[in-house]
Structures are given as C-alpha cells and as structure tokens.
Amino acid sequence: MNSDRDRPEAVHDQMVTTSLGHSGPQISRLGLGTWAIGGPYEYGWGPVDDTVSVKTVLHTVKQGINWLDTAPAYGCGHSEEIVGAALRQLDATEKPLVFTKCGRVWNSDDPGKVFSDLRPSSIRQECDASLKRLGVDRIDLYQIHRPDSRTGTPLEESWGTLVELVNEGKVRWIGLSNVDRDQLDRCEAVRHVDSLQPALNLLDQRFLPLLARCAERGTGVIAYSPLASGMLTGAFDRARIEALAPDDWRKRSPKFTDPELSRKLAVVDALRPIAACMGRTLSEIALAWVLHQPGVSGAIVGARHPQQIDGWAGAAEVTLPDDVIRRIDAAVTTGSAEH
C-alpha cells in the first residue's frame with residue numbers, strides 16, 4: 001500500500017486550483033462526486049457498471065482534477081470500494097486527494113437502509129472501515145455527513161472525535177456537511193472547521209448566507225449538487241425522468257415531480273440561450289455560477305461515465321461577466337432569459 005502522506009498537495013499543475021480555506025490543501029476548483037457510482041441502496045441512482053465506474057475515476061484524474069468526494073453511505077460501502085479499486089491503479093504521484101464522511105451507517109438486518117449514528121465509538125469504527133475500503137493510510141478530509149438527531153449525541157462530542165482522529169494521524173483535515181450557522185459556530189468553538197460542504201446550485205440557494213460566515217472564519221467551502229442532481233445538465237425532460245430506473249431515488253423525489261419539476265424545467269430552458277451565447281455547455285455555465293460565489297473553494301460534480309466529465313471539466317476556466325450573471329439571475333427568478 002502506498003502512503004498518501006508522501007503525496008504532493010497538488011498533483012496537477014494544469015488545472016485551476018485554490019486553497020481549501022486558510023489551513024487546507026490546494027484543490028482543483030472541481031472535484032468528482034462518487035454518490036452515483038455507489039450502486040443500489042435506498043438513495044441509489046439505478047444500475048451501475050463497476051468497471052465503467054473505475055474508468056470514470058481514472059478519467060477524472062487524467063483531466064487534472066485532484067480530489068474526489070465519497071462516503072460510506074453511498075451504496076453501503078460500495079462507493080468507497082470502487083474508489084479504492086481505482087486508487088490501486090494509480091502511481092503514488094497520480095493519486096488524488098480523497099474526501100469521505102462519517103455518521104451514516106447501516107446494518108445487515110435492513111439491507112440498503114442507512115441511518116444516523118455520530119457516537120464516538122461508531123465514528124471510530126467507520127473511520128477504520130473507510131481506511132480499509134479506500135486502501136489508504138490516512139483520509140485527506142473527513143467530514144460529518146449530517147447532524148445526528150437519532151442517538152442524541154451532541155454535535156460537539158462527535159466533532160471532538162474527529163479532532164482526536166487528526167491528532168492520531170488517521171485524518172488530515174476535518175469538515176462538516178449539511179449544518180446550519182449555529183452548528184458551524186459550535187464546532188468552530190471546539191476546533192477550526194477546515195471545510196463546509198453545503199448543497200448549492202442555481203435551483204437551490206438556501207445556503208448562500210453561510211458562505212460569508214465561512215469566509216470570515218477561513219473555512220473552505222466545497223459545494224455539492226451543483227448541477228441539481230442532473231437537472232442543470234440540460235439532459236432532462238419529462239420523458240427522461242419517467243424513464244429513470246425504478247430504484248433511482250430521483251424517481252420518487254419531490255424535486256423531480258410537479259410543481260417543482262415544471263419550475264425547474266422552465267429555468268433550464270431559460271438558461272440554454274445564455275450557455276449558447278457563451279459557447280459553453282449548460283453544465284459549465286451552472287458550475288461556473290457556483291464557483292463564482294464568494295467563499296466557494298470548489299464544487300463536487302458527480303459522474304458515472306467518463307464522457308460525462310468531458311461535458312463539465314472546463315467549467316473552472318469559465319469567467320462570467322456581470323451582464324451574464326444578471327441574465328442568469330433573471331432566468332432563475334422568472335424562468336425567462338433576459339436579453
């Protein structure tokens with residue numbers, strides 16, 4: 001097993017990079033999200049081909065993307081296993097930074113179901129299991145997946161366990177996902193929060209107010225779902241959604257049914273001419289908007305096939321002029337492009 005302690009902070013010089021907060025590593029502005037390659041479970045994305053999934057990870061690295069984000073909950077460990085299989089095919093100098101999470105677990109009595117558990121003992125078991133599945137000596141960024149209201153464990157106690165894992169050398173940096181401002185502040189009082197992972201895209205801007213707080217504290221931000229689970233790729237219409245696999249979580253999500261669906265499709269149609277005028281794909285414009293937000297370090301973009309990456313890998317190089325930002329904002333607000 002190659003030690004990731006020897007890995008350089010930034011593997012690829014050709015990709016646009018930035019610092020993950022004031023204390024984190026240099027990361028490419030885009031990272032690969034591996035939720036969709038986890039395979040069947042209650043929040044799965046339908047059938048996957050593990051061979052193609054590995055090729056997707058490897059293709060991502062070739063594009064100059066130097067980090068990927070996973071979690072044990074994705075496919076009940078399977079996503080991490082796929083990431084580990086891909087890492088084994090890379091030389092030490094090629095390996096990307098690996099970000100994973102804790103706090104969502106499962107048991108064999110209820111296959112495919114995940115539930116919250118942020119008790120210190122559970123976090124430690126999860127960490128050891130993730131290290132084994134990934135085949136690494138240390139996790140680059142370890143994140144609390146979401147707060148735990150099930151066991152009653154105080155968030156500060158869970159966060160303190162992550163601090164201990166850093167001190168023990170099992171983890172390099174630590175972060176939070178799906179938290180509000182109060183929860184962020186409570187953890188910051190225990191130990192600096194290296195990164196925050198909120199949902200953020202043109203169709204979901206709820207967490208924008210948290211970005212300024214993170215900037216004040218020197219906390220990096222890696223936005224997840226920047227393409228709104230595929231909606232902002234422009235590839236979806238009603239027929240495509242109806243044809244989703246029965247075990248694709250989007251099939252039963254309110255986000256992909258009316259009235260939400262009609263609103264989102266109208267916004268996507270309004271964004272198409274803006275992307276065309278820029279000579280860019282809709283995915284690139286949507287991602288560039290996320291990266292344009294002050295305080296955002298990077299965006300996590302999912303893919304299940306290598307060719308999907310080619311449709312958005314150039315987004316980090318896209319600059320959005322003020323007039324284009326105004327047109328995008330108008331499209332989101334009214335569902336019609338402003339000329």
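Predicted model: local features only at pLDDT ≥ 70, side-chain atom pairs only at ≥ 80, totals over all residues.
Two strands pair if DSSP finds at least two bridges between them.

1. **The barrel.** Eight strands form a closed barrel. Their order is S3-S4-S5-S8-S9-S10-S11-S12, and the pairing is parallel. From one strand to the next, the twist averages 30°.

2. **Strand S12 and its partners.** S12 covers residues 298-302. S11 and S12 pair in the parallel sense over two bridges. In that pair, alanine 223 stands opposite alanine 299 in S12. S3 and S12 also pair in the parallel sense, over four bridges. Here leucine 30 is the residue opposite alanine 299. Four of the five residues of S12 are buried, so the strand is largely enclosed by the rest of the structure.

3. **Strands S5 and S8.** S5 spans residues 97-102 and S8 spans residues 139-144. The two run in the parallel sense and pair over four bridges. Threonine 100 sits opposite tyrosine 142 of S8.

4. **Helix H9.** How enclosed is H9 (residues 282-292) by the rest of the structure? Largely: ten of its eleven residues are buried, which is why the helix counts as largely enclosed. The buried set is Leu282, Ser283, Glu284, Ile285, Ala286, Leu287, Ala288, Trp289, Val290 and Leu291. Note that Glu284 is on that list.

5. **Helices H1 and H2.** H1 runs over residues 50-62 and H2 over residues 78-87. They pack at an angle of about 60°, with axes 9 Å apart. Angles of 65 to 115 degrees would count as roughly perpendicular, and those under 35 as roughly parallel. H1 and H2 are therefore oblique to each other. Their crossing is right-handed. On the H1 side the contact uses Asp50, Ser53, Val54, Val57 and Leu58. On the H2 side it uses His78, Ile82, Ala85 and Ala86. By class, the residues of this contact divide into six nonpolar, two polar and one charged.

6. **Helices H4 and H5.** What angle do H4 (residues 155-167) and H5 (residues 181-190) make where they pack? The angle is about 45°, and the axes lie 9 Å apart. That makes H4 oblique to H5. The crossing of H4 and H5 is right-handed. Leu155, Glu156 and Trp159 of H4 meet Gln183, Arg186, Cys187 and Val190 of H5. The contact has four nonpolar, one polar and two charged residues.

7. **Backbone points to check.** Most residues other than glycine have a negative phi, and most peptide bonds are trans. Asparagine 178 has a positive phi of about 60° and is not a glycine. The residue lies in the loop between strand S9 (171-177) and H5. Is asparagine 178 buried or exposed? Its relative accessibility is 16%, so asparagine 178 counts as buried. Serine 229 also has a positive phi, near 55°, in a residue other than glycine. Its place is the loop between strand S11 (220-223) and H7. Serine 229 is buried too, because its relative accessible area is 12% and the cut-off is under 20%.

8. **A cis peptide.** Aspartate 258 and proline 259 are joined by a cis peptide bond, with omega about 10°. Proline 259 is in the loop between helix H7 (238-242) and helix H8 (260-278).

9. **Serine 23.** Serine 23 sits in the loop between strand S1 (17-19) and strand S2 (26-28). At 30% relative accessibility, serine 23 counts as partly exposed. Which residues does serine 23 contact, leaving aside neighbours within four places in sequence? They are Trp173, His192 and Asp194. Trp173 falls within the span of S9 (171-177). Serine 23 and leucine 320 are 297 residues apart in sequence. In space, C-alpha to C-alpha, serine 23 and leucine 320 are 28 Å apart.

Notes: Residues numbered from 1 in each chain as written. Heavy atoms only, no water. Axes fitted to C-alpha atoms, helices over the stretch in contact; angles between N-to-C directions. Parallel < 35°, antiparallel > 145°, perpendicular 65-115°, else oblique. Left-handed = near helix turned anticlockwise from the far one by under 90°. Contact = heavy atoms within 4.5 Å. Nonpolar A, V, L, I, M, F, W, Y, C, P; charged D, E, K, R; others polar. Buried < 20%, exposed > 50% of the residue type's maximum accessible area, 1.4 Å probe, protein only.
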